[in-house]
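Dear colleague,

Please find below the structure I promised to hand over. My notes on what was found in it follow directly after.

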Amino acid sequence: MDFTAIDFETANSSPASACSVGLVKVRAGRVVERASWFIRPPFGHDAFLEWNTRIHGIVAEDVVRAKTWEQQYPDIVAFAAGDVLVAHNARFDMGVIAGGCSATGIELSEHHSMCSLAVARKTYTLDSYRLPVAAMAAGFEDFQHHDAAADAEACAAIVVHAAQRHEAPTVEALGAATRVTINPVRIPAEKPRATNQPRLSNRPMIFAD
């Protein structure tokens, strides 16, 4: 059971506005490495909306000295080392990876992802499958939700516990047991719109976890 769990927080509704990332490496069903850092969103995607800040507590001043997406994406790739990337609502987090690369013009590495939200829905019977509730079902409690590092570890706990439930020795076997697909990450057809362009919605970002 080897994989890397990942979680992003964003400054606004642009998928290119990653301002924080958390990474947790799992080997043989155990967490062996953790990493997290701030990210300075690219120009045009760097406005911090009040709604997002209210969710994760990160403000523009926190990322002033942080490295940019172009500088930090290679570190994410190196940490994952070809692992399947697992995220709670993987569509959002994989969209951040693709959006960041698209907005900055850098090449997207080859990634595959699994959604722990979908796995939780096929494993537990819960009133809600938000990350804190699903993590509690997996025995992982009292973490700081919307802290990227804590969320990545909660996601990892869900997948490891679900794998035990389904007697799945690998993420691929877990996907087969739960009928949750492992999908390639692709660049969207349309580049993420910058926050200073009028068509970008100022509506709150929807956090599925």
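Arg 54 is exposed in this predicted model, with a relative accessible area of 55%. Its salt-bridge partner is Glu 50, and the closest N and O atoms of the two are 3.2 Å apart. Glu 50 also counts as exposed, at 61% relative accessibility.

In total, four salt bridges are counted. Another of them joins the side chains of Asp 83 and Arg 27 at 2.9 Å, N to O. Asp 83 sits in the loop between helix H2 (69-80) and strand S4 (85-87), and Arg 27 in strand S2 (residues 18-27), so this pair ties together parts that are 56 residues apart in sequence. Asp 83 is buried, at 12% relative accessibility, whereas Arg 27 is partly exposed, at 25%.

Glu 153 forms a salt bridge with Arg 34, with 2.8 Å between the closest N and O atoms. This pair links helix H6, which holds Glu 153, to strand S3 (residues 30-38), which holds Arg 34; the two residues are 119 apart. Arg 34 counts as exposed, at 53% relative accessibility.

With kind regards

Key: Residues numbered from 1 in each chain as written. Predicted model: local features only at pLDDT ≥ 70, side-chain atom pairs only at ≥ 80, totals over all residues. Heavy atoms only, no water. Helix = DSSP H or I, 4+ residues; strand = E, 2+ residues; numbered from the N terminus. Buried < 20%, exposed > 50% of the residue type's maximum accessible area, 1.4 Å probe, protein only.
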